[in-house]
Amino acid sequence: MDIVVVGAGYVGLVAAASFASLGCRVYCVENNENKLKQLETDTIDIYEDGLQELIQQGIRDGRLSFHPKLSDVLQSAQMIFLCLPTPSVKHGIADLSSLLHVCEELGAAIEQDTLVVVKSTVPAGTTARLERVIRDAAARHGRQVDFDIAMNPEFLRQGCAVQDFLHPHSVVIGARDNRAADRLARLYASCLHNPVIQIMSPVEAEMAKYASNYLLASRVSIINELANLCEAVGADIASVRNVVGLDPNIGNGFLNAGIGYGGSCFPKDIEALIKTANTYGLDVPIMRAVQSVNDRQKQRLVAHIIRRFGNDLAGYRFAVWGLAFKPGTDDMREAPSLDVIHALSALGASISAYDPAARRKAQMLLEGTSVEMAADKYEAVLHADALLILTEWEEFYEPDLAQLKERMRQPLIYDGRRVLKNAQCRTSRVELIQIGAGRDHD
Ligand SMILES: NC(=O)c1ccc[n+]([C@@H]2O[C@H](COP(=O)([O-])OP(=O)(O)OC[C@H]3O[C@@H](n4cnc5c(N)ncnc54)[C@H](O)[C@@H]3O)[C@@H](O)[C@H]2O)c1
């Protein structure tokens, strides 16, 4: 099968490289010149486990190629996957401009018998709108094209995106007619191992993606609210979580207490869902609460620090371990670390930060602030009054506490991701303040 993937971002690159590894011939279109140049020389600007190797393999095998223009490759394939960004512009309105632009292009040039597949996360009704855009553009160019369109939301998680793409928990296909659904179902059935394929209407597929992100995000806000309560009553959220997580009706996914969720999906998708509800005159207090609990949680460590050091942090130095919004990625979009760093900088603190993958992207976002980037985790803590752990990278789980004590002004750690063991810190006489760990719990 020959396919086109439009957009070489976190989703598009993974989809393109994975389809190529499954035997498809993939033409990937990207309009960012720098990104394209890098891709043509086998390098990617994204940190994702196994992705670089898969891309190199695809290029070597002649199954994966990158192109600047959609029009150059349109004749090459009968299936076009749109993996374009849909960021939040204002008050939750999703910016559909890339999708609309590409659909205009498709209308002008699309061939008969093409299946357009929307992989981007889009508000209810967007797939139908994109279909109209393609049809209208074709009519304006005096063409009558017979194409199909399907919504095929993506459920991969950054950090394990390739594995998730190759072994999805389910493949969701939203299509108005059986022909489109069957075509896409056949592609997945032919290259994935026993996929669970669910076929529904486009609007149901659009809602299913938002529902999934909303439910996962709400679990994060619920556990964080419970964590704050545990701190107040002197309990440890870890014990509470172990109990509820073993209940098969609850399960333990997305129940890690911390400094809140971030990334390019949860924040914008909850906002977009609220916007959709409001458009239909519906109030959605639980959705709003999920969002506001998360906003407050991002400031939780800052509140602890102010209680200890006061409101004026001039002269204090803080080390930060972890900048990416989650481990396994270099993605800094909506990373809670940015909220924490901006808040501490605004109070006059100086900051030294380290992240194993996100250094370059963080540096660009933190330009103009007083943050210095350290080469490794021990360099970051030099002369620090406290260490903040903001992303749960594996290398932070068992640090050399003696080395930390030697380098820091005082051995104080704010663990925003619950990576350290209290007993170990106590033995090493390192003071540990963790989200959700009440002072009386031990
Ligand atoms: N990142 C995730 O974990 C994830 C998971 C599931 C779904 N999604 C959804 O998938 C979509 C894409 O997300 P992403 O994280 O991959 O975004 P991204 O910003 O990483 O990638 C989008 C890519 O599209 C390119 N692009 C923009 N306009 C273009 C055009 N006209 N022609 C060619 N290329 C163009 C951009 O340069 C960029 O490389 C979004 O709707 C997102 O909500 C993301």
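Mentor: Two strands pair if DSSP finds at least two bridges between them. Keep in mind that this model is predicted.

Trainee: In which sense do β12 and β13 pair?

Mentor: The cut-off is at least two bridges. Strand β12 (residues 386-389) and β13 share three bridges, and I389 stands opposite D415 in β13. The sense of the β12-β13 pairing is parallel.

Trainee: Which residue of β14 is the bridge partner of Y414?

Mentor: Strands β13 and β14 (residues 431-434) run parallel, joined by four bridges. The chain reaches β14 from β13 through helix α18 (residues 422-427), in a right-handed crossover. The partner of Y414 in β14 is I433.

Trainee: Are the residues L412, I413, Y414 and D415 of β13 buried or exposed?

Mentor: In a regular strand, side chains alternate between the two faces of the sheet. In β13, L412 and Y414 point one way, and I413 and D415 the other.

Trainee: How much of the ligand's accessible area does the protein cover?

Mentor: Oxygen atoms of the ligand lie 2.6 Å from a polar side-chain atom of K35 and 2.8 Å from a polar backbone atom of V11. On its own, the ligand has 830 Å² of accessible area. The protein covers 90%.

Trainee: How many residues of the shell around the ligand are charged?

Mentor: The ligand is surrounded by 27 residues, with E30, K35, T86, Q158 and K268 the closest. Of the shell, 11 are nonpolar and 10 polar. The charged residues number six.

How values were computed
Residues are numbered from 1 along each chain as its sequence is written. This is a predicted model: local features need pLDDT of at least 70, side-chain atom pairs count only at pLDDT 80 or more; totals for chains, interfaces and linings use all residues. Side-chain values use heavy atoms; hydrogens and water are left out. Buried means under 20% relative accessible area, exposed over 50%, partly exposed in between (1.4 Å probe, protein chains only). Helices (H or I, at least four residues) and strands (E, at least two) are DSSP runs, numbered from the N terminus. A crossover is right-handed if, with the strands pointing away from the viewer, the path from the first strand over the helix to the second runs clockwise. A residue is near a molecule or strand if one of its heavy atoms lies within 4 Å of it. A polar contact is a pair of N or O atoms within 3.5 Å; within protein, one must be able to donate a hydrogen and the other to accept it, and residues adjacent in sequence count only if both atoms are side-chain atoms. Accessible areas come from the Shrake-Rupley method with a 1.4 Å probe; for residues, only the protein chains shown count as cover. Ala, Val, Leu, Ile, Met, Phe, Trp, Tyr, Cys and Pro count as nonpolar, Asp, Glu, Lys and Arg as charged, and the others, Gly among them, as polar.
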